[in-house]
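Here's a quick walk through one protein chain, from its overall build down to a few residues worth a look. Keep the viewer open as you read.

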Amino acid sequence: MGRTVAIGIQNFNEIIENNYFYVDKTSFIKEWWEGGDSVTLIARPRRFGKTLNMSMVEQFFSVNYAGQGDLFEGLSIWQEEKYVKLQGTYPVISLSFANVKETDFKTTSYRIRQLLMKLYEKNAFLRECGKLSDAEKAYFERMTAEMSEEDAPLALYQLSDFLFRYYEKKVIILLDEYDTPLQEAYVNDYWKELADFIRSLFNSTFKTNP
């Protein structure tokens, strides 16, 4: 009996655990990892599987999926011992702007800050990990949906630094649908305001972030 071809699923583990039909793209993990790039932009047409691939990358590397190597058993990446040992060993920050589709800058900025807040809530253990100074703990406390326009652009930079110090490994940052709010800004005539905000966020996150 053939496998079910499930449409619209974007979570890698859901496809694997339900034994749905899956075209093995795990070789991308090796290709990307060995490419040596600090920043990678994946530009493909809609419905090409970008989100599913990012889910695959997150679940391969993230410490939150440590011990779940069975998700990759039987797939091409699992044929090399080097990569078997890599699974579940890196801190990963993953977020998506897919649902940020607002008609004005104020609401868009607030929605993005909500997403940043949720990342800090997810990693709340860092506040008491013993690696943060009092000033850094105070910054952590300011990471709410009401965070200032000055704090927000540095949110991912700071969180990756906190995670790096805790795990003593560089952090993988995955951002999906980065262009969705920018498209809305262009259509609804608040492009410059959002572009300035996004430029600061991306610069600190991807360009000047060791």
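## Ground rules

Helices (H or I, at least four residues) and strands (E, at least two) are DSSP runs here, numbered from the N terminus. What you're looking at is a predicted model, where local features need pLDDT of at least 70, side-chain atom pairs count only at pLDDT 80 or more, and totals for chains, interfaces and linings use all residues. Residues are numbered from 1 along each chain as its sequence is written, and side-chain values use heavy atoms, with hydrogens and water left out.

## Overall build

The protein chain has 9 helices and 2 strands, and along the sequence they run α-α-α-α-β-α-α-α-β-α-α. The C-alpha trace spans about 55 × 45 × 30 Å along its principal axes.

How does the radius of gyration fit a compact globule? For 210 residues the rule gives a value near 17 Å, and the protein chain's 18 Å agrees with that. (The radius is taken over C-alpha atoms, and the rule is 2.2 Å times the number of residues to the power 0.38.) Buried residues account for 40% of the 210; buried means under 20% relative accessible area, exposed over 50%, and partly exposed in between, using a 1.4 Å probe and protein chains only.

## Surface patches

Two surface patches turn up. Patch members have over 30% relative accessible area and no salt bridge, with like charges joined within 9 Å and nonpolar side chains (Val, Leu, Ile, Met, Phe, Trp, Tyr) within 5 Å. A salt bridge is a side-chain nitrogen of Lys or Arg within 4 Å of a carboxyl oxygen of Asp or Glu. Areas come from the Shrake-Rupley method with a 1.4 Å probe, and for residues only the protein chains shown count as cover.

The negative patch brings together Glu14, Glu17, Asp70 and Glu73; Asp and Glu count as negative, Lys and Arg as positive, with His and the chain ends not counted. Each charge is placed at NZ of Lys, CZ of Arg, CG of Asp or CD of Glu. Asp70 sits in the loop between α3 (50–61) and α4 (81–86). The nonpolar patch is Val5, Ile7, Phe21 and Val23, together about 460 Å² of accessible area, and Val23 is in the loop between α1 and α2.

## Residues to click on

Asn19, in the loop between α1 (12–17) and α2 (27–33), isn't a glycine but has a positive phi of about 55 degrees. Asn19 is partly exposed at 44% relative accessible area. Asp189 also isn't a glycine, and its phi is about 65 degrees; Asp189 lies between α8 (180–187) and α9 (191–207), in the loop, and is exposed at 73%.

Asp176 and Leu95 are 81 residues apart in sequence but 6.4 Å apart in space, C-alpha to C-alpha.
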